[in-house]
Amino acid sequence: MKEKVTNTALAIVAHPDDAELLCAGTLALLKDSGWQIELATMTPGDGGTTTLSREEISTIRKAEASKAAGLLNGHYQCLECEDIFILYDKPTLLKVIELIRQIRPRMVLTMSPLCYMVDHEMTSKLVQTACFSAGVKNIKTTSPPFFHVPHLYYLDAMEGKDRLGQEVKPSMVIDITDKIDLKEAMLVCHASQREWLREHHGMDEYVLAMRSFSAKQGRLAGVPFGEGFRQHLGHAFPQDNLLAKELEAYAKAPNASSNLHRH
């Protein structure tokens, strides 16, 4: 069955601020190209506090995420899992399948399969399966099946490395230099996290860390600021590089300044 699919990009990440750290610039470029932007998090970021209750910090962080999405005229929703307890199980997977069926995206962006945190890796696995299985009619959710496998892209691992400290190198870098200030504005919406990161991680200057990593990824492609991606190219997934096609002027091969556009 052939679905009519509109240009909607859905970023499904683990926690509020993951998208702002890793793909907000690319989402902004897609918005400028006429795409509808949707953002979702697996959790409300309920662990990101040393002082507030789960309900208090969840309310704050979901409001921050919604404000950030609004800068792209996008929508935000939370799948209401708990920090540290994102599980690859049937109830959680059904939530992600329902999200894919509800949004009906042409393109999906999600966490790296290899990262420092299991929440990130579980999110990646859940989204991969949901993209593949959203068209299976015998899986019952509120929304009807979506008979289209979206183009699926993995974001950079946090700090660009896996749990063993090995580099996780992108296959494509999007030049986000024109959008770095908007990316920063979206990240600044997550005001509650500066204090949390300073107390728990010993990390201050949240925004400077984002700009530093964006500059590091940009250097892979000879541009001031970049965001890296790898495309899921397994069986049944689209094989053409839609992201590179849509952002042809900004898509670069790592360690090269040339444009990347695989037909």
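Predicted model: local features only at pLDDT ≥ 70, side-chain atom pairs only at ≥ 80, totals over all residues.
Figure 1. Phe237 counts as buried, at 6% relative accessibility. The structure holds one aromatic pair. Phe132 and Phe237 form this pair, and the rings are stacked. Phe132 belongs to helix α5 (residues 118-133). Phe237 sits in the loop between β7 (226-231) and α9 (242-246). The pair therefore ties together parts that are 105 residues apart in sequence.

**Figure 2. Ala236 in the loop between β7 and α9.** Ala236 is not a glycine, yet its phi is positive, about 80°. Its relative accessibility is 40%, so Ala236 counts as partly exposed.

**Figure 3. Asp17 in the loop between β1 and α1 (18-22).** Asp17 also has a positive phi, near 90°, in a residue other than glycine. Asp17 counts as buried, with 8% relative accessibility.

**Figure 4. Asp46 and its polar contacts.** Asp46 is placed in the loop between β2 (36-41) and α3 (54-70). The residue is buried, with a relative accessible area of 12%. Its side chain makes a polar contact with the side chain of Arg54, at 3.3 Å. The Asp46 side chain also reaches a backbone atom: the nitrogen of Asp83, at 3.0 Å. Beyond neighbours within four places in sequence, Asp46 is in contact with Arg54, Ile57, Ser58, Cys81, Glu82 and Asp83.

**Figure 5. Strand β1 (residues 8-13) and its burial.** Six of the six residues in β1 are buried. In a regular strand, side chains alternate between the two faces of the sheet. Thr8, Leu10 and Ile12 point one way from β1. Ala9, Ala11 and Val13 point the other way. Both sets are buried.

**Figure 6. Partners of β1 in the sheet.** Strands of a sheet pair through backbone hydrogen bonds, either parallel or antiparallel. β1 and β2 run parallel and are joined by six bridges. In this pairing, Val13 stands opposite Thr41 of β2. β1 also pairs with strand β4 (residues 107-110), in the parallel sense, over four bridges. Here Ala11 stands opposite Leu109. Ala9 has Met107 of β4 as its bridge partner.

**Figure 7. The open sheet of eight strands.** The strand order is β3-β2-β1-β4-β5-β7-β6-β8. The pairing is mixed. The edge strands are β3 (75-78) and β8 (251-252), and each pairs on one side only.

**Figure 8. The largest nonpolar core and Phe229.** In soluble globular proteins, nonpolar side chains tend to be buried together. The largest nonpolar core of this model has 74 residues. Those with the most contacts inside it are Ile12, Ile100, Leu109, Ile174, Phe229 and Leu243. Helix α4 (residues 90-103) supplies the largest share of this core, six residues. Leaving out residues up to four places away in sequence, Phe229 touches Cys23, Thr26, Leu109, Tyr153, Tyr154, Leu155, Pro170, Ser171, Met172, Ile174 and Leu243.

Notes:
Residues numbered from 1 in each chain as written. Heavy atoms only, no water. Helix = DSSP H or I, 4+ residues; strand = E, 2+ residues; numbered from the N terminus. Buried < 20%, exposed > 50% of the residue type's maximum accessible area, 1.4 Å probe, protein only. Polar contact = N/O pair within 3.5 Å; in protein donor to acceptor, adjacent residues only side chain to side chain. Contact = heavy atoms within 4.5 Å. Core = buried A, V, L, I, M, F, W, Y, C linked by side-chain atoms within 4.5 Å. Pairing = 2+ DSSP bridges. Phe/Tyr/Trp six-rings, centres within 6.5 Å; stacked < 30°, edge-to-face > 60°.
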